[in-house]
Structures are given as structure tokens and as C-alpha cells.
Amino acid sequence: MRTRTVLAAAAVTLALPLLLPERHLPVYVLLLLAATVTAGVSLLMGYAGQVSLGQAAFYAIGAYAAGLSAVHGVPTLIGLLVAPVVAALAAVVVGAPLLRLRGHHLAFATLAVHLILLSLLGQGTWAGGAIGLQGIPPLSLAGTPLRDDVGYAYVAWAVLAVVLLISHNVVDSRAGRGLRAAAGSEIAAAAGGVPVGGYRLVVFALSAAFAGLAGGVYAFYLGYLGPGSFPLLLSIEVVVMAVVGGLGTITGPVVGAAVITLLVQALNELGTRPGMPSYAPAALSYAVYALLLIAVVRYLPRGIVPAVAVLRKGTS
Amino acid sequence: MSDLLGYLLTGLGIGAGFALVGSGMVVIHRVTRVVNLAQGAFAVLAAMLTSALLATGLPHGLAEGAGVLVAAGAGVLTGIVAIGRPGTEPGAALIITLGLGVLAYAVEVTVWGDQPRSYAGLPGAVTLGGARIQAHYLLVIAVTLPVFAALMAFFRGTDPGKALTACAENPYAARVVGIDVRRMGLLAFGLGGALGGLAGVLLTPVQQVTFDSDVTLIVNGFAAAVLGGLTRPGVALAGGLLLGVAQTLIAGYGGGAHQLEIALLVMLAVMVAQAVRAGSVREVAR
């Protein structure tokens with residue numbers, strides 16, 4: 001049953017890029033990239049019990065790593081593979097001191113990391129400064145550059161599939177069980193022989209690698225990066241997606257990203273209709289993030305996916 | 001020399017604003033254990049409202065007072081949503097306040113637009129020991145210090161203040177002696193809202209405000225508050241003043257526009273140092 005559901009979902013999502021009208025493809029690509037980043041946040045918050053308000057910083061690091069290496073003549077596929085590695089290394093460097101922090105301290109620390117990174121990117125001439133990095137070539141697979149949205153839709157699909165597979169395996173591994181124990185009680189887990197600090201750092205780096213990989217795809221897809229592409233709100237957005245979908249589940253990030261992205265997109269179309277004030281799209285999307293987040297934390301504290309699972313168990 | 005004095009006073013003025021935001025977070029945190037991510041939104045809300053009221057011709061004083069009152073009300077509402085449901089954990093409440101902070105964006109952009117706003121504060125400049133500084137900075141300091149004195153007196157000398165401290169020290173014991181801990185939590189949120197609102201109202205004439213100014217305010221406020229472990233308003237005052245002075249000195253002596261980064265690095269260093277210290281203490285206690 002489970003395998004069949006997964007296969008059906010894979011078939012439908014694989015067929016979608018061919019069936020969707022051209023103008024909806026960017027939404028598809030960005031949705032899958034958001035789900036990829038969210039998968040890392042969900043792993044971090046759900047299994048390791050760490051709140052990150054700076055996950056988009058690693059998305060930015062991956063994007064800039066891929067973009068900069070491609071601009072300097074490195075083959076784009078290698079650039080894409082470099083992106084998660086650089087993001088993970090950055091996470092290890094930042095995480096070694098910061099993961100001593102817990103709860104709201106860690107939340108503020110990760111937020112600080114994001115803000116510091118934005119300022120570094122805005123001032124670094126090597127990164128194009130405030131103007132940004134332009135002229136990133138398209139991703140080349142086997143010598144053919146990907147120029148249309150359909151190609152990127154499949155790249156994003158593959159990236160998300162890899163990330164979900166890794167998440168699934170991590171969760172079911174010895175390290176995954178240790179982390180779940182540590183999220184419950186760190187002292188008890190440590191007493192039981194779980195190397196809590198090491199595992200926390202590994203998950204932090206892994207979640208950063210997910211974000212970095214998504215960032216790499218983003219860089220090649222858009223061909224342009226600037227500090228403004230990675231606002232603080234992006235970090236908050238992925239937290240909203242993770243919480244709404246359901247922390248600590250494999251499908252939660254996909255559901256959360258889909259619900260939020262589609263809702264924001266629908267409201268965006270409503271907000272940009274003639275006659276609507278210019279602030280309408282922004283105000284509507286803020287309201288969606290805020291109200292969904294508050295409603296889910298208050299009334300569905302475990303998120304949509306676990307809630308639906310409970311409902312189905314109840315009816316069958 | 002006169003430059004130095006000027007920077008010091010300007011820094012104290014800015015720092016007083018950070019201290020107000022930070023002490024609001026402290027007041028809320030010590031009673032409810034919730035770190036309120038909507039704290040900066042109270043300041044922005046009050047500032048925007050005051051600016052709009054002043055534009056309709058309401059005199060200074062009344063407009064600012066209305067801004068602070070509305071911020072206090074927003075604080076109570078935040079409290080109701082964040083901790084109103086019995087058994088809400090501080091971690092979940094933190095995420096709820098994050099949501100409320102983003103909701104404030106939607107409200108502010110809808111009502112007042114996304115352009116920066118400001119209004120005239122205390123006009124003129126004062127020459128002190130050869131340094132010319134805007135008179136408004138002195139006003140900020142002159143308002144903040146008595147407010148902190150009143151806050152201390154409130155916690156030490158009045159029944160609701162003592163009840164708040166009791167909840168902070170031991171919620172269980174407070175409940176046993178008949179204090180309604182949840183109600184005290186809402187009172188703390190209201191007080192925190194008023195302090196945040198006061199910061200916004202006072203700082204706006206010297207630092208214009210946009211709907212997302214709350215990030216700067218909350219980061220500086222948290223950095224000030226975290227020095228005292230988020231439980232001591234007095235330390236938040238010292239921390240805020242120190243941060244303000246350090247930022248203006250560095251900006252003044254050629255550091256450019258790196259004020260926020262300084263606050264961030266100070267905050268990170270303090271938190272990590274505290275965690276290292278607490279870690280070793282905990283090992284001993286085990």
C-alpha cells in the first residue's frame with residue numbers, strides 16, 4: 001500500500017511538467033526547491049529538536065557557490081555538486097560553536113547567521129555586491145544546456161527525490177533513532193551512549209546540504225543571484241512550510257511546501273488583478289504565512305500529514 | 001573629545017530604545033518563559049500609528065500615548081493567542097509569536113503602506129561640552145531612565161509587580177498562594193507591548209521606521225536582554241546602553257554601517273559564552 005502510494009505520487013509528479021501550461025512551470029520548480037529546503041528544516045526541527053530561523057542562508061550559500069564556480073568557468077554539473085558541499089562545510093563551521101545553544105537561543109543565533117551572510121554578500125565585490133551575480137550559465141547535462149523550464153522541473157524533481165530518500169534512510173538509521181531520543185531528553189540519550197553533539201552537527205550539516213543543493217539548482221535556473229533573492233522572510237517561510245506540513249515526517253515538507261506555495265500563488269494572482277492596490281500581493285502572502293502558522297501550531301500542533309494519518313486510521 | 005561626547009550621548013539615546021525593546025522581552029520571558037518574536041512589531045505598530053495620528057493633527061504627547069496604549073493592547077492580544085491555550089509549550093508559543101510578527105507585516109502594509117515613515121521629534125540641537133547633538137536623543141534618555149526606575153519600583157513595591165515576580169520565580173508556588181499565573185502572563189505581555197511601543201514611538205524621529213524595522217529592533221533588543229539571561233530588566237538596560245554606545249562609536253570612528261552586524265556578533269559571543277559556562281556547571285551538578 002505504502003509503496004504503491006509513493007509510486008503513484010512519483011508518476012503524477014513526473015507527468016505534471018508535461019501537462020502543466022508553460023506559465024505554471026516556474027511555480028512547479030520553485031515549489032519542489034522549497035520542499036527540498038523544507039525537508040532539511042523538518043529533519044532539523046522534527047528529529048533533532050533544533051529551531052533554525054536561518055535555513056535560507058545555506059540556500060544562499062549553495063546558490064552562490066554554484067553561481068560563482070560557473071561564472072569562473074567550472075563545468076556547471078560540478079558547480080551543482082559543489083553547492084551542497086560548500087553549504088555543509090559552512091554549516092559545520094557555524095554549527096560547531098552555535099549548536100551548543102538550544103531553543104530560542106539557537107533560533108536567534110541562526111537568524112543572526114542569515115543577517116550576517118546577507119551583509120557579507122551585499123558588501124563583497126567578489127559576490128557581485130548589492131547588484132548581484134549576473135550571467136550564470138544554464139546547467140549543462142551531457143553537453144546540452146538546459147534552457148527551458150521543463151528541464152529544470154525534472155532536475156528539481158530528481159533533487160527532491162534524492163533528498164527525501166536520504167531523509168528516509170537517516171530517520172530509519174541508528175543515528176536517526178539516537179537523534180529522536182536526544183530530542184526527547186538529551187541527558188537520557190547521552191547516558192544511553194548516543195553521541196548527541198556529533199549527531200546534532202551532522203544533521204545540521206545535512207540539512208544545510210539539502211538547502212545548498214536546492215540553491216544550486218535555483219542559481220542555474222534563474223541565472224541571476226542577489227542578496228535580495230534571499231530575504232529573512234525566506235527562512236521564516238521554510239519554517240512555516242515545515243510546521244504546517246508536519247515536523248519529523250518524510251512527506252510533511254512536500255505537503256507543507258505545496259500548500260503554502262499554491263495558496264500564496266493563488267492569492268498572488270488575486271492580488272495582482274486590476275483594481276487591487278499595489279500592496280495587496282505582499283500583504284496577502286504575509287497574512288497566509290502568519291495565519292496558517294498560528295492556526296497549525298494552535299490546533300494541529302503536529303502538522304497536516306500526521307493529522308491526516310490519524311484521521312485515516314480513525315475511519316478505516 | 002567633543003566628538004566622543006556627541007557619540008556617547010547619541011549612542012545612549014539609541015541604546016535606550018534597544019533597552020526598552022529588550023526589557024519588554026525580559027518582562028514577558030521571565031513570567032511566561034516565552035521569547036516573544038513579535039516584540040519588534042509592537043514598536044513598529046506604535047510608531048506607524050503615532051505617525052498617522054500626528055498627520056491628522058493630534059498633538060504630540062497624545063499621539064505617542066495612543067501609540068503606546070495600542071501597543072500594550074497588541075501585547076495582550078499576542079499573549080492571548082500565544083499562551084491562551086493551557087499547556088502551550090514555550091517553544092510552540094515562540095513559533096506563534098513569529099507568526100504574529102509576520103501578521104503584523106500584513107496589517108501594517110495594508111493600513112500604512114510599505115514606505116518608510118517618520119515624524120518630527122523634539123526640535124533643535126543642544127551643545128553640551130562642545131558637542132552638538134539632536135535634542136531628541138536627550139529626550140529618549142530622559143524618558144527611558146524614569147521608565148526603568150518605575151519598572152523596578154513596580155516589581156518591588158506593588159502587589160501586581162510582586163505577583164509577576166512570584167510567577168517568574170516559581171509558577172507552581174505562585175498558583176498555590178492564589179495567583180492566577182495565566183492572567184499574570186497576559187499582564188506581562190501587555191507590559192512588554194507597552195515597553196516595545198514606547199521604544200518605537202521614541203526612536204522613530206531619529207530612525208525612520210518601515211514595516212520590517214522590527215528585525216533590527218528585535219535583534220538589538222534580544223542582544224541587550226540576553227546579557228542578563230533574559231530575566232533581569234536592569235541588565236537589559238545596561239546591555240542596551242552599552243550596545244547603543246558601541247555601535248555609534250564604531251560607526252563614528254570609521255566603522256561604516258556595520259551597527260547591526262556588531263550587535264549580532266556580540267549576541268552570538270555572549271550566548272555561546274553563557275552556554276559554555278552553563279554546560280560546565282550542569283556537568284558538575286549531575
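This is a predicted model: local features need pLDDT of at least 70, side-chain atom pairs count only at pLDDT 80 or more; totals for chains, interfaces and linings use all residues.
Leu293(A) has contacts in both chains once its neighbours within four places in sequence are left aside. In chain A, Leu293(A) is in contact with Val240(A), Val243(A) and Val244(A); in chain B, the contacts of Leu293(A) are Ile95(B), Leu98(B) and Gly99(B). Leu293(A) also belongs to the largest nonpolar core, which has 204 residues. The members of this core that touch the most other members are Ala87(A), Val217(A), Leu293(A), Leu45(B) and Met267(B). Helix H9 (residues 196–222) of chain A gives the most to this core, with 17 residues.

H9(A) also packs against helix H2 (residues 25–47) of chain A, and the two axes come within 8 Å and cross at roughly 170°. Since angles over 145 degrees count as roughly antiparallel, H2(A) and H9(A) are therefore roughly antiparallel to each other. From H2(A), the residues that make the contact include Val29(A), Leu33(A), Val37(A), Gly40(A), Leu44(A) and Tyr47(A). From H9(A), they include Val203(A), Phe204(A), Ser207(A), Phe210(A), Ala214(A), Val217(A) and Tyr221(A). By class, the contact of H2(A) with H9(A) has 19 nonpolar, 3 polar and no charged residues.

In chain B, helix H9 (residues 214–226) has 13 residues and reaches 17 Å from its first C-alpha to its last, close to the 18 Å expected at 1.5 Å a residue. Of the 13 residues of H9(B), 12 are buried, so this helix is largely enclosed by the rest of the structure. Among the buried residues of H9(B) are Asp214(B), Thr216(B) and Asn220(B), along with Leu217(B), Ile218(B), Val219(B) and Phe222(B).

Helix H5 (residues 135–157) of chain B has 23 residues, which should span 33 Å at 1.5 Å a residue. The end C-alpha atoms of H5(B) are 33 Å apart, which agrees with that value. The buried residues in H5(B) are His136(B), Tyr137(B), Val140(B), Thr144(B) and Leu151(B).

Note on methods. Residues are numbered from 1 along each chain as its sequence is written. Chains are lettered from A and ligands numbered from 1 in the order in which they are written. Helices (H or I, at least four residues) and strands (E, at least two) are DSSP runs, numbered from the N terminus. The expected span of a helix is 1.5 Å times one less than its number of residues. A residue is buried if 20 or more other C-beta atoms lie within 10 Å of its own, exposed if 12 or fewer, and partly exposed in between; C-beta atoms are placed from the backbone. A nonpolar core is a set of buried Ala, Val, Leu, Ile, Met, Phe, Trp, Tyr and Cys residues joined through C-beta atoms within 7 Å. Two residues are in contact if their C-beta atoms, placed from the backbone, lie within 7 Å. Axes are lines fitted to C-alpha atoms, for helices over the stretch in contact, and angles run from 0 to 180 degrees between N-to-C directions. Angles under 35 degrees count as roughly parallel, over 145 as roughly antiparallel, 65 to 115 as roughly perpendicular and the rest as oblique. Ala, Val, Leu, Ile, Met, Phe, Trp, Tyr, Cys and Pro count as nonpolar, Asp, Glu, Lys and Arg as charged, and the others, Gly among them, as polar.
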